[in-house]
Amino acid sequence: MIRRSLISVFALVVAVSLSACFGMGGAKSAWNDVIKRCGESSLNGREVMFFGPTNAVGPGSVWRKDDEGVFRLRYDLSQMPRPQTFTAPFSSAQCDGTYSSKVNFGLDANLSAVPVSAELQADFKKARKVSAKADSVAWVPIAEGPYENYVRGLSASDPVRQDLETGNRLVMTRALQVSGFTTSLSFSAENAATLKAKYPNGPLPAGLVGDLGGGLNASWSADNTLTITNAGTFYIAGEFQRFSTAGLSSAGSSFGPRESVGRARAVRDTLDQ
């Protein structure tokens, strides 16, 4: 069995409430307000798929679009052979300002390789108010030529190459990366008293999210606000192009035009489909 990639712990923390209570449309609106502080407002394009914070997918990942228009993740980057030297140069936009909301920022649970614990979800849904700030955002693209060379270099028996050779696959050719994200959750005094004991200052207990490991730092303030910081990066949206291995043996490109997304959703596929 191919090893499934692990979503960052931080993605799970910022994912625990809005998608369940308000749907991904509400989460998309919340993230739009965050990235607008970075001079970026591209989540509303018809070619942009919003899927919420995750490290499981990124530029170069392999997808398919089923008969109902659902975008299904076939191979995330951790499942694809290395080295992966197909990312093109990009520039980041610095962010200024903090966005506040009464709800949290969602994640499509169908992209989760390992589910967040029910206990953690229930606890963080108790937040009365959430604020969020990113240090920077960037659209991270692949370079077509290097990606084609990457696929050419895979053996004929490689499952990723075999999957791409079906002729019905999409490649995420650009993904929106968020760097240096901080979220603060405000609780009632009663709830905070319980949660401070469960989630004290310091690293968030990795055991609450199975084998995902650490990466988060939690800090409580006197006004019962829990601030969680992550200095790393994750992706929240992407764009797709159809990929044909027929182009690998010709002078033309293997990539088609950008795929329209509309109101479609993204889910993690099973590899026997």
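Colleague: How many of the 18 residues of strand β7 are buried?

Modeller: This is a predicted model, in which local features need pLDDT of at least 70 and side-chain atom pairs count only at pLDDT 80 or more, while totals for chains, interfaces and linings use all residues. Residues are numbered from 1 along each chain as its sequence is written, and side-chain values use heavy atoms, with hydrogens and water left out. Strands (E, at least two residues) and helices (H or I, at least four) are DSSP runs numbered from the N terminus, and buried means under 20% relative accessible area, exposed over 50% and partly exposed in between, with a 1.4 Å probe and protein chains only. Strand β7 covers residues 169–186 and is mostly covered, the number of buried residues being 16.

Colleague: Which strand do 16 bridges join to β7?

Modeller: Two strands pair if DSSP finds at least two bridges between them, and β7 pairs in the antiparallel sense with β2 (residues 62–65) over two bridges, where Val62 has Val171 as its bridge partner. Strand β6 (residues 129–141) also pairs with β7 in the antiparallel sense, over twelve bridges, and there Val137 stands opposite Val178. A further antiparallel partner covers residues 225–243 and includes Leu226, the bridge partner of Leu185. The strand joined to β7 by 16 bridges is β10.

Colleague: How many residues does the second, separate core have?

Modeller: In soluble globular proteins, nonpolar side chains tend to be buried together. Apart from the core that holds Trp31 and Ile236, there is a second one that includes Phe86, Val171, Phe243 and Leu248. The number of residues in this second core is 16.

Colleague: How far apart are the C-alpha atoms of Trp31 and Gly52?

Modeller: Trp31 is found in helix α3 and is buried, with a relative accessible area of 0%. Contact means heavy atoms within 4.5 Å, and Ile236 touches both Trp31 and Gly52, among other residues that include Leu43, Phe50, Leu176 and Val178. Trp31 and Gly52 are 21 residues apart along the chain, and their C-alpha atoms are separated by 8.2 Å.

Colleague: How many residues apart in sequence are the parts that Cys38 and Cys95 tie together?

Modeller: A disulfide is a pair of cysteine sulfur atoms within 2.5 Å; Cys38 and Cys95 form one, with their sulfur atoms 1.9 Å apart, and the link is right-handed, with 95° about the S-S bond. Both Cys38 and Cys95 are buried. Because Cys38 lies in the loop between α3 (23–36) and β1 (49–54), and Cys95 in the loop between β4 and β5 (99–101), the separation in sequence of the parts tied together is 57 residues.

Colleague: Which side chain does a polar contact of 2.7 Å join to that of Asp163?

Modeller: Asp163 lies in helix α6 (residues 159–164) and counts as buried because its relative accessible area is 6%. Leaving out residues up to four places away in sequence, Asp163 touches Val62, Arg74, Tyr75 and Arg169. A polar contact is a pair of N or O atoms within 3.5 Å, where within protein one must be able to donate a hydrogen and the other to accept it, and where residues adjacent in sequence count only if both atoms are side-chain atoms. The side chain joined to Asp163 by the polar contact of 2.7 Å is that of Arg74.

Colleague: How far from a polar atom of the side chain of Gln79 does the backbone nitrogen of Asp76 lie?

Modeller: Gln79 lies in the loop between β3 (71–75) and β4 (93–94), and this residue counts as buried because its relative accessibility is 9%. From a polar atom of the Gln79 side chain to the backbone nitrogen of Asp76, the distance is 2.8 Å.

Technical notes
Core = buried A, V, L, I, M, F, W, Y, C linked by side-chain atoms within 4.5 Å.
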